[in-house]
Amino acid sequence: MNPLEFIKKHKVISVIRAENEALALSFAEACIAGGLRLVEVTFSFPGAEDVIRSLSEREGILVGAGTVLDIDMADRAREAGARFLVSPHTDEALIHFAKANDMAVIQGAFTSSEIVRAWKLGADMVKIFPVSAVGGPSYVKAMKEPLPQIEIMTTGGVGLDNLADFLHAGASAVGLSTALTGKGGVIDPETITSNARLFAEKLEEISRA
């Protein structure tokens with residue numbers, strides 16, 4: 001299964017933000033223990049590529065890099081074993097880099113014009129962030145009605161109580177961070193694993209409905 005198909009199948013991406021490499025790895029391992037199979041390690045702390053490298057050979061999961069702002073970051077992520085790239089913006093060079101290296105690429109956009117531009121440039125999926133600022137699931141539904149061919153990922157405001165709403169509105173994937181750690185953002189493995197398990201179970205329930 002290629003990276004894009006894996007993302008579309010498993011849908012819930014654990015977005016790993018932490019102060020350092022050790023906490024990030026603990027965060028990611030807790031998410032995996034809870035049953036989540038997609039991990040996005042953000043380039044927001046020193047050693048992000050080392051966390052990607054540590055996780056990249058794990059069976060049954062897909063690891064990518066997030067907050068990828070330029071080709072240097074993208075290349076470091078590729079060398080570490082990342083299979084997908086996520087950016088908060090749209091960058092044609094990053095899209096071309098990902099395509100050339102058999103990586104899925106998710107680019108950030110907000111308005112309908114930005115979403116269409118990212119898709120036309122070749123983004124596999126377009127990330128709407130922060131989706132809570134523009135109405136949550138209703139905004140996704142409004143975008144998908146005229147643009148059903150565009151795969152959308154949402155982050156920033158997705159929780160257990162509205163996961164089904166986002167997926168039913170047409171989101172192909174969602175990104176979670178504070179929904180896993182709790183609002184304080186403390187990296188507590190037991191709490192994260194418990195929350196991850198709730199999302200994994202909720203996703204299975206939605207898929208059976």
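Predicted model: local features only at pLDDT ≥ 70, side-chain atom pairs only at ≥ 80, totals over all residues.
1. Elsewhere, salt bridges that share partners join Glu5, Lys8 and Glu151 into one network.

2. The count of salt bridges in the model comes to 12, and one of them is formed by Glu49 and Arg76, whose closest N and O atoms are 3.2 Å apart. This pair links distant parts of the chain, with Glu49 in helix 3 (residues 48-55) and Arg76 in helix 4 (residues 71-80), 27 residues apart. Is Glu49 buried or exposed? Glu49 is buried, because its relative accessible area of 18% falls under the 20% limit. Arg76, by contrast, is partly exposed, with a relative accessible area of 29%.

3. Arg76 also forms a salt bridge with Asp72, and here the closest N and O atoms are 3.1 Å apart. Asp72 and Arg76 both lie in helix 4, 4 residues apart, which is about one turn of the helix. Asp72 counts as partly exposed, at 49% relative accessibility.

4. Turning to the interior, nonpolar side chains in soluble globular proteins tend to be buried together. In this model the largest nonpolar core holds 63 residues, and the members that touch the most others are Val41, Ile52, Leu85 and Leu180. Helix 2 (residues 21-33) gives the most to this core, contributing 6 residues. A second, separate core of 14 residues includes Leu4, Ile7, Leu62 and Ile106.

5. Which residues surround Ile52, once its neighbours within four places in sequence are left aside? Ile52 is in contact with Val41, Phe43, Val63, Gly64, Ala65, Ala77, Ala80, Gly81 and Ala82. Val41, which is named in this list, is also one of the residues that touch the most other members of the largest core.

6. Helix 7 (residues 137-144) deserves a separate look, and its buried residues are Tyr139, Val140, Met143 and Lys144. Seen down the axis of helix 7, these residues fall within an arc of 130 degrees, so they line one face of the helix. What do the buried residues of helix 7 pack against? Their packing partners are helix 6 (112-121), strand 6 (125-128), strand 7 (152-154) and helix 8 (163-169).

7. The last point concerns the largest pocket, which has a volume of about 290 Å³. Its lining is made up of 18 residues, and those that lie nearest its centre are Phe129, Thr155, Gly156, Gly175 and Ser177. The elements that give two or more residues to the lining of this pocket are strand 8 (173-176) and helix 9 (178-181).

How values were computed:
Residues numbered from 1 in each chain as written. Heavy atoms only, no water. Buried < 20%, exposed > 50% of the residue type's maximum accessible area, 1.4 Å probe, protein only. Arc of directions from axis to C-beta. Contact = heavy atoms within 4.5 Å. Salt bridge = Lys/Arg side-chain N within 4 Å of Asp/Glu carboxyl O. Core = buried A, V, L, I, M, F, W, Y, C linked by side-chain atoms within 4.5 Å. 1 Å grid on protein atoms, 1.4 Å probe; cavity = no way out; pocket = protein on both sides within 12 Å on 5 of 7 lines; lining within 4 Å. Points joined across faces, edges and corners; volume = space filled by probe spheres on them.
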